[in-house]
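Q: I have a structure to look at and would like to learn how to read it. Could you take me through it step by step?

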Amino acid sequence: MESGMMNLTEKELQLLALVATEELAGREVAQRFKKETGKEISYGTLYTTFRRLKDEKLVTVRDAEDEDGRIRFFKATASGLRALHRTREHYSVLARFGLSWGGAT
Amino acid sequence: VKSKRNQAIWFVLKTIDGDPKLKKLYNEFIVDTTVSEEVVRFIQYEARLLPEKMRCLASKHLEAAISYSLYSQFTHLRSLKETAQRTRKALIEKEVWQNKLLYYFSRFCGPANRENIQFMQRDFILEARDMRQAQHHKWFMATALTWRALFGGILPIMSDGLLRLIKPVKEAKKSGD
């Protein structure tokens with residue numbers, strides 16, 4: 001198993017996938033997360049998860065400010081995209097595993 | 001008549017152009033969509049008054065009189081704009097008092113979490129605005145925002161901090177095994 005994949009939690013992967021193609025602000029990510037999964041994500045969880053991803057250099061951040069306060073935008077880096085791609089491959093292999101031996105239930 | 005009015009407007013605009021202070025205020029307000037209409041109305045009003053002023057004043061005093069009149073209107077507009085901004089900010093702070101809770105909590109956090117809390121505070125302001133637009137009751141808003149601030153803001157940050165604390169211990173234990 002390659003590094004940069006299994007260390008990531010489910011939530012980290014979901015958030016990484018959301019910012020894979022475009023740069024999004026925290027609130028936009030929370031809204032898209034709800035749209036995609038049907039579940040709410042708290043801002044505390046969102047920002048601390050992105051902080052971990054940033055520490056691992058899987059996302060880049062850009063700060064801005066408007067009249068309501070500070071905004072942080074997130075975007076996946078090249079290594080973030082690679083980690084996402086590897087994880088997807090891993091899960092697709094795992095999903096197929098054992099099917100040829102009648103392992104499907 | 002139209003050409004006379006255009007000439008008057010042109011004269012007022014030329015007066016604004018000739019006064020650096022006035023020009024600065026005009027440039028600031030004309031791009032601001034909240035007050036630009038008001039500025040255009042001031043100019044049109046001055047243009048309408050121009051024939052009267054021309055009759056009463058000597059030509060050398062005309063530009064000064066227009067400048068003075070516009071300058072006083074523009075500064076009044078600025079003070080109104082600032083008061084509106086202050087009121088709006090105070091209203092937001094009063095409504096989203098949960099942000100104060102987050103602020104006091106942030107004083108016990110490190111710089112990274114303090115920053116995260118600042119981003120969260122903006123998100124709460126927008127949430128409150130959305131709820132207000134959806135005409136939710138103020139008690140519902142207060143409960144929802146307090147819940148989110150406590151269990152969606154403070155608790156995840158504390159648990160993340162705790163996880164960061166025990167992470168090296170877990171890794172050391174793993175390598176020891």
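**Reading rings and an interface**

A: This is a predicted model, and one place to begin is Phe151(B), which counts as partly exposed because its relative accessibility is 43%. Trp147(B), by contrast, has 57% relative accessibility and therefore counts as exposed.

Q: How many residues apart are Trp147(B) and Phe151(B) in helix α7 of chain B?

A: They are 4 residues apart in that helix, so about one helical turn separates them.

Q: What are the distance and the angle for the aromatic pair of Trp147(B) and Phe151(B)?

A: In general, a pair of aromatic rings is described by the distance of the centres and the angle of the planes. For Trp147(B) and Phe151(B) the centres are 4.4 Å apart with 40 degrees between the planes, and the pair is tilted.

Q: Which residues form one aromatic cluster?

A: The cluster is made up of Tyr47(A), Phe50(A), Phe74(A) and Phe119(B). Within chain A, Tyr47(A) and Phe74(A) are both buried, and their pair is tilted because the planes stand at 50 degrees, with the ring centres 6.1 Å apart.

Q: What is the area buried between chain B and chain A?

A: The size of an interface is often given as the accessible area lost when the parts come together. Here the area buried between chain B and chain A is about 2100 Å², with 46% of it coming from carbon and sulfur atoms. On the side of chain B, Phe119(B), Arg122(B) and Arg164(B) lose the most area to chain A, together 30% of what that side buries.

Q: How many salt bridges are there between chain B and chain A?

A: The count is 9 salt bridges, and one of them joins Arg51(A) to Asp160(B), with the closest N and O atoms 3.9 Å apart.

Conventions: Residues are numbered from 1 along each chain as its sequence is written. Chains are lettered from A and ligands numbered from 1 in the order in which they are written. This is a predicted model: local features need pLDDT of at least 70, side-chain atom pairs count only at pLDDT 80 or more; totals for chains, interfaces and linings use all residues. Side-chain values use heavy atoms; hydrogens and water are left out. Buried area is the accessible area (1.4 Å probe) that two parts lose on being put together, summed over both. A salt bridge is a side-chain nitrogen of Lys or Arg within 4 Å of a carboxyl oxygen of Asp or Glu. Rings of Phe, Tyr and Trp (its six-membered ring) pair if their centres lie within 6.5 Å; planes under 30 degrees apart count as stacked, over 60 as edge-to-face and the rest as tilted. Buried means under 20% relative accessible area, exposed over 50%, partly exposed in between (1.4 Å probe, protein chains only). Helices (H or I, at least four residues) and strands (E, at least two) are DSSP runs, numbered from the N terminus.
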